[in-house]
Amino acid sequence: MNPVIALVGRPNVGKSTLFNRLTRSRDALVADFPGLTRDRKYGNGSLGNKTYTVIDTGGISGDEQGIDAAMAEQSLLAIDEADIVLFLVDARAGLSATDEAIANHLRVNQKKTWLVVNKTDGLEESLAIADFWSLGLGDPWPIAAAHGRNVTTLIDQVLAPF
Ligand code: GDP
Ligand code: MG
């Protein structure tokens, strides 16, 4: 069974961009996964001799009503299904109240969680991550999903225990 990586975070932080990059490998197809729904998208990827499954989610806006509530529910289901959670935040938008709310949920969850600071292209890494230490989820990892900056290094670390 592949380790399962869930991508969670606010809308527009770059989850789908990262999903596309992580599933770009030869066998990147939508996984045959029980409980597949339109709102959680599954894909496979590989790094070296390791394979993994990634779940993309609609995102958590922090103001959940109607369609947003459904998206948040999908994110919670994805977290339940995952072995590893990548919590994405946006270096350009900075820290938001919604990020803090999501972090509060993830801190009490038992899943191994990585705090990933996306959109660091053109930014100095230590400055880009500075705001996010306060989320209490350990070292923030700077990446740029759109350009691939640090993505392979991150996934290599994420998969190390598997
Ligand atoms: P999602 O809503 O979290 O799935 O976010 P998307 O993947 O749809 O990305 C939202 C926007 O952020 C799009 O316009 C992306 O092109 C942009 N984006 C994603 N990753 C990066 C990045 O590494 N750097 C920059 N500058 N923009 C990015
Ligand atoms: Mg998306």
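## Burial and contacts

Of the 162 residues of the protein in this predicted model, 40% count as buried. Among contacts between residues at least 6 apart in sequence, 67% join residues at least 24 apart.

## Confidence

The average pLDDT of the protein is 86, and 83% of the residues reach a score of at least 70. Residues 25-38 have a pLDDT below 50, yet this stretch makes 17 contacts in the model beyond near neighbours in sequence. Where pLDDT is low, predicted coordinates should not be read in detail. For the model, ipTM is 0.99 and pTM is 0.89.

## Secondary structure

Five helices and six strands make up the elements of the protein. Read from the N terminus, their order is β-α-β-β-α-β-α-β-α-β-α.

Strand β5 covers residues 112-118, and six of its seven residues are buried, so the strand is largely enclosed by the rest of the structure. A residue is counted as buried here when 20 or more other C-beta atoms lie within 10 Å of its own.

One partner of β5 is strand β4 (residues 84-90); the two pair in the parallel sense over seven bridges. In this pairing, I84 stands opposite K112 of β5.

The shell around ligand 1 holds 15 residues, of which G14, K15, S16, T17 and A146 come nearest. By element, the largest share of this shell is three residues from helix α1, which spans residues 15-22. By residue class, the shell divides into seven polar, five nonpolar and three charged residues.

Conventions: Residues are numbered from 1 along each chain as its sequence is written. Chains are lettered from A and ligands numbered from 1 in the order in which they are written. This is a predicted model: local features need pLDDT of at least 70, side-chain atom pairs count only at pLDDT 80 or more; totals for chains, interfaces and linings use all residues. pLDDT is the predictor's confidence in each residue, from 0 to 100. Two residues are in contact if their C-beta atoms, placed from the backbone, lie within 7 Å. A residue is near a molecule or strand if its C-beta atom, placed from the backbone, lies within 6 Å of it. Helices (H or I, at least four residues) and strands (E, at least two) are DSSP runs, numbered from the N terminus. Ala, Val, Leu, Ile, Met, Phe, Trp, Tyr, Cys and Pro count as nonpolar, Asp, Glu, Lys and Arg as charged, and the others, Gly among them, as polar. A residue is buried if 20 or more other C-beta atoms lie within 10 Å of its own, exposed if 12 or fewer, and partly exposed in between; C-beta atoms are placed from the backbone. Two strands pair if DSSP finds at least two bridges between them.
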